[in-house]
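Open the structure in your viewer and colour it by secondary structure. The stops below go from one selection to the next.

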Amino acid sequence: MFVYYLIAIAVIILDQLTKWLVVSNMQIGESIPIIENFFYLTSHRNQGAAWGILQGQMWFFYIITIIVIGVVVYYIQQYGKESKLAGAALSLILAGAIGNFIDRVLRKEVVDFADTYIFTYDFPIFNVADSSLVIGVILVMIATFLDERKKKGSLEA
């Protein structure tokens, strides 16, 4: 179980370090091409959620994030022993939630910087915490699917 919290701590540190580097070294709106027409480091701030929705609703985010953190810790304790994949996935969700929560508490906004273009679509700018959340959710879905297949297979046997 301890390893899941170590994963979360490592991702939170990486998230906060990358955000600190962006805040310390770039002006808001500044963009540095990494792979032309595909990936840029762009200093951006967001006071809302994904795609800029719910701008300025900090108390909503504080309350929801505290609830999410509590639920995720509960599920890590419940399912982390049974499934390493589920435990790791939940640790990524925990890290993502805490990483953006730290920004909202300390900065009153979230620092975003990963700016990708997929063909002609400029995908919303994101950060390490956002990536951690998305990867964690995908892995939870995979873990759930595998668990259901395993249960179904044991019922047929």
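Helices (H or I, at least four residues) and strands (E, at least two) are DSSP runs, numbered from the N terminus. This is a predicted model, in which local features need pLDDT of at least 70, side-chain atom pairs count only at pLDDT 80 or more, and totals for chains, interfaces and linings use all residues. Residues are numbered from 1 along each chain as its sequence is written, and side-chain values use heavy atoms, with hydrogens and water left out.

Select residues 31-35, strand β1, and then residues 39-46, strand β2: the two run antiparallel and are joined by four bridges. Two strands count as paired if DSSP finds at least two bridges between them. Within this pair, look for Ile32, which stands opposite Leu41 in β2. The hairpin of β1 and β2 has three residues between the strands, and there Asn37 takes a positive phi near 65 degrees.

Phe39 stands opposite Thr116 in β3.

Now show the whole sheet. It is open, with four strands in the order β1-β2-β3-β4 and antiparallel pairing. Its edge strands are β1 and β4 (121-122), each pairing on one side only.
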